[in-house]
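Please keep the sequence and the model at hand while reading.

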Amino acid sequence: MRKLNLLLVFMLLTVMQVLAQRTITGTVTSMDDGAGIPGVSIIIKGTTQGTTTDIEGKYRLSVPKDATALIYSYVGMKKQELVISESNIMNVNLESEAIDVEGVVVVGYGVMRKSDVTGSVGRVNVADLKKVTTIDAAQALQGRVAGVNVISNSGNPGSGVKIRVRGIGTINNSDPLFVVDGFPMGDMSHIAPNDIESMEVLKDASATAIYGSRGANGVILVKTRSGLKGKKFEVQANVQMGISQVNKKLKLADATEFANAREEIGATDDIINYVLAQQEAGNYLKGTDWQKEIYRQGSNNRYNVSILGSTEAYSYDHGFTYSTENGTVKGTYLDKLMFHSNNNITLTKNVKFGMNFNYVHYEKPGDRTDYYSGTIPGALRSDPISAAWDDYTDFYGEIYYSQAATNPALSIYLAGNEKYLGNRAMANVYLQIDDILTNGLSFRSQLGTQLDFDDQKTYSPQYFITPTQKNDESSLYQKRPYGFNWVNTNYFSYNKLVSKLNINATLGMELQASQWSDIWATGYDVPENADLQYLGAHKDAVKFSLGGGASENRLSSTFLRGNFSWDNKYVITGTIRADGSSKFTPENRWGYFPSVAASWNLNNEEFMAGLTDILPSLKLRLGWGIVGNQGSAGNFDYVSSVNGGYIYALNGLPVEGAVQLQLANEELTWEGAEQINIGVDFGAFNNQLTGTVDYFVRNTNDMILQRPIPMYAGKKKPAVNAGTMQNKGIELALNYAEVKGDFRYDIGFNVTFIKNEVTSLAGGDPIRGGAAGRMGNSTKTEVGREIAYFYGYETAGLFTSQEQLDAYSIDGVPIQPNAGLGDVVFKDLNGDGAITELDMTYLGSASPKMTGGFNLNLGYKGFDMVLFINGSFGNEIVNSMYQTLYSSKMFETNISQDMAVNHWTPENPTSDVPRLDAADLNKNTENFSDLYVEDGSYLKLKNLQFGYSLPSKINKKMHIKNLRVFASFDNLLTITKYSGLDPELFGLYGNPFYYGVDMVNYPQPRMYSVGLNVTL
C-alpha cells in the first residue's frame, strides 16, 4: 500500500510538472536570404536546457511556465535573446556577424555545425558554380577545393572529367563516390550546375568512413535545390549563347616540304616528282591542310528555367535545362535535356515527406578520338599531298602515303553514322519523423532508384577508294545497355544539447543493388537509306551476329556515428560502418571501416579572449580511419570465369564445350585505405580571412593486383590482395572577403602538394604500361616510385661529327654501331658498351608536385567580375605524336614542319632535330626516350566573366526581381612549355598506367559566351 501511495504521489508530481510547462515551436532563418538555419543552439535563459534546429531551421522545445527568455546562438550569427511571448510560436531572424561565415556543413547522412566538424571537408561556393559556362557540374568543381584535382581529359562535348581526391590511391579505380540527394552513384552528369544548392567534398577517412567500402577515393556530396524558404513563388531563367575556337594547331609540313623530305630519304615517285617540279618552276604547292579540314568554329547554347517557392507546408523547385554544343572538330556535338522536380511536404509538425525526380536525355555521335583511328590523330598523320575530296570520283580522296590511315574527312562522315542516345531517370522518396518520443530524435527512411537505358547505333556504309581503302560490305551495329540501381537507407539521428554537451548521433542501415545488362547485334548488307537502317533490313543472314551479357552486385550496410561537443570547445567523432558485398565469398564478404577524430576550438578558450578581434576562430583537427574501395574488385573475381561456344571433337563427333578463362581466388577481400589527417581551420580579422591547412598520409593496403602466373597455365591472371601504396601531402586554402561601401571583393586561393609512392607489389614484377603505336611501353610501376612513372632511354643530343661518333665506344667497339651523323645519342648508363633495356631509367612522371586554383570575385554597385585560374606544376607528359611527327624514316606519315626543314644535315650541323633516314637503324624514334617526355606544367586562365545587374528601381518598373547580363571567356590563355595540343590531360580512359601519356587528346577550345539571368 505504501508503494502504491508513493507511485501515486510521483505520478501527481509528474503531471504537475507537465502542466507547469508548455511547448514552443518556431523556425530560425537567416536575415540575408530567409533560408532556415540548421544547428542553431536554443537555450532557456538561466538554465542549461535547450535544443537545436533541424535541417530546415525548425525547432520544438518544452519550457517551464516561469521561463522568461530564450537565447539563440549560432556560429557566424549574432546571438539573440527573445522574451517568451504568450504565443507558442516564436520565429527568429538571425543576422550575420561576419562576412561569408559558413556555419553548417553537410556530412554523410546529415548536417553538422561547422564548429563540430572534425574531418577534412571542402566546401564549394555554389555561386561560383553558377557562373561557369560548362553544362558539366563535375567540371565546374575544377580548382575550387584544395586536394581535389579535376582534369578535363578532352574538349569533346560530353567527354566528362577525371576527378582525383588527394591523388591516385590505387592502381585500380580511383574515382570518388558521388552522393546526390542521398543517392550514391558514379557520376553527376544528370545535374546542371544551376540546380545545385550545396556541394561538399569529404576528403579524409574520418569524414568518409560513414560510407565504408566506397569512401577510399573521397566522397562528393551534392544537394539539389528544394525551393526558397520564405518566398512564395519565383521564376528563374538563364540564357547563354557562345562560340568556340581551336586553341592551338600544330605546325606540319606542307606538300612541298613533305616532297623534299621524301626526296631526301630516297622515296620519290611520280607524284613527289611533280610537286618538286612545280617548286622548281616557282609554283609552290601547299597541298591539303588537314587540320583546317577537320576543325571548325563551334557553338554552344544553354537555356535554363526553374520555378521554385514555398508555402508553410510545401516547398518545391521544378525546372529544365536544354543545352546544345557543337564541338570544334566537325561532326562532334552534344544535345542534352535535363529535367528536375524537387518536392518537400510538411505533413504534420513532426512529419515531412519529399520526392525528387531527375531525368536527362542526351545525344552525341560516335567517339572517334582514339589514337589509332581518331579524327585528330589521323589529320596529324595524313600526308598533305592527298586531297580531302576527289572531284573525279565525287567521293573522298585517296590517302597516298599513309596507307594505314583513313581520310580524316571520311572519318568525320563515318562518325556521322554513329549515334549514341542516353537516358537516365532518377527518383528519391523520403519520409522523416522528428522528435520521436523525445526532442531531438529523428528517423528518416529514403528509397532511391536510378534507371539508365541507352541506344548505341553504328552504320558503316559500303565504299571503295582504293584496294586498301575500302569497305566491301555495309553493316549495322546496334547495342542497348540497360542499368538499374536502387538504394534503401534508414537511419535515426539524435541532436540534443544537454548542459554544455552537444550530441549529434546517427545510427542506420542501407541496402543497395546494381544490375546491368546489354544486348547487341550486327547485321550486314544493310541499305544506306537512313529510314531503312534497322537490323531487320539486313540481307546477309549467315553473317548476322547477336550477343549480350549481364552483371549484378549487392551491398548491405550498417553504420553508426557519434559526434560529441563539450562547451563548443572539445569535439570527438567516432564512426563505424560494416559492409557486406556480393563481390566476395561469404567468408570474406564483410568489411569493417572505423574512424575516430577530434578537434579543439581554441577560439572559445578563455586564454584566447584577448585575440578575438584578430583571431575569432581557430580549430585544430586530428583524425584517423580506414575506408574501402569496392570499385577495385570485379563482380565475380572470386570465381573462375568460363566461356562457352567452343566445339570439340570427341570420338569423331562435334560436342559443344566450354573453356576456363581466369583462375579464381576465393580469398579475395576488400581493398582498404588507412588515413591520418592533421588540420587547422582559422579565421582572422573578423573572419574576413579564413583558411584551412591539412597534412595527410593515406596508405592503401590489400591493393588488388593481377598476380603473375606461368605462361603454360594458359589462363588470365587471378586477382589477389597484394600491393600497397602511399599518398601523403599538404593542402592549403585561403579566402579573403571584404565589403567597402559599394565595392566588394572575394579572393580565394588553394594549393596542394602530394607525393605518391608504390610501397609494395608483394614481390611481383614491375608493371609496364603506356604503350602507343610503335614506341612501346612508356610507363613503369614498381616499389619505391610513384605510380606509372616514365621509363626509357636518356639521350645526349645528336652525333654531329665523325670524331664524336668514333669516340663513343669502349675498347674500340662502338656503343651504337648502327648510328650515323645526325642520329640520336643514347646514354650507356650501365657502362656495358651497348644500348639495351638495362640502360633504361627514370624519366619523370605525370604526378604533379603541386596543383592549385585562384578565384577572384569583384563587385561595384551593379557591376561584377569573375576571374578563375588553375594550374599544375612539376609534372611531365609523354607526347606520343613524337614518333610520327619526328619519324626519321617518315613511316607513311606526315612530319612536323620543324622536322621537315630543320632536321640535321651536313649543311645544318647545329640542329637538335634528328636526320631523315629511310632505314633508321639507330631507332631514333622507335626507342622510347626522354625526347618524348616534356614539361607538362601549365597555368590556365579558365574563366573570365564580366556582368552587370540592373538597379532595383529599373527592375521594379519592369516587374522583375533581378536581371543580369554577362560576357564570359573560357580557356582564354594557357601558359605552358608543352608542344602538344593541350597539357591538361589524364591519359587513356582514366587508366592509371597511361597517366600523363598524351595519345592526342581532343584539345579544349577557347569559348566566348554572352548570357542573361532573369528572376521574376
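A residue is called buried under 20% relative accessible area, exposed over 50%, and partly exposed in between (1.4 Å probe, protein chains only). The model is predicted, so local features need pLDDT of at least 70 and side-chain atom pairs count only at pLDDT 80 or more, while totals for chains, interfaces and linings use all residues. Residues are numbered from 1 along each chain as its sequence is written, and side-chain values use heavy atoms, with hydrogens and water left out.

**Salt bridges**

- A salt bridge is a side-chain nitrogen of Lys or Arg within 4 Å of a carboxyl oxygen of Asp or Glu, and the count by this rule is 37.
- Asp567 pairs with Lys569 in a salt bridge, with the closest N and O atoms 3.4 Å apart; Asp567 is partly exposed at 25% relative accessibility, whereas Lys569 is buried at 13%.
- Another salt bridge joins Asp317 to Arg225 (3.1 Å, N to O), and these residues lie 92 residues apart.
- Asp317 is buried, with a relative accessible area of 0%, and Arg225 is buried as well, at 9%.
- Glu984 and Lys940 also form a salt bridge (3.1 Å, N to O), and both residues are buried.

**Surface charge**

- Glu263, Glu264, Glu280 and Glu907 form a negative surface patch, in which like charges are joined within 9 Å and each residue has over 30% relative accessible area and no salt bridge.
- Glu907 is exposed, with a relative accessible area of 69%.

Notes:
Patches are made of residues with over 30% relative accessible area and no salt bridge: like charges are joined within 9 Å, nonpolar side chains (Val, Leu, Ile, Met, Phe, Trp, Tyr) within 5 Å. Accessible areas come from the Shrake-Rupley method with a 1.4 Å probe; for residues, only the protein chains shown count as cover. Lys and Arg count as positive and Asp and Glu as negative; His and the chain ends are not counted. The place of a charge is taken as NZ of Lys, CZ of Arg, CG of Asp or CD of Glu. Helices (H or I, at least four residues) and strands (E, at least two) are DSSP runs, numbered from the N terminus.
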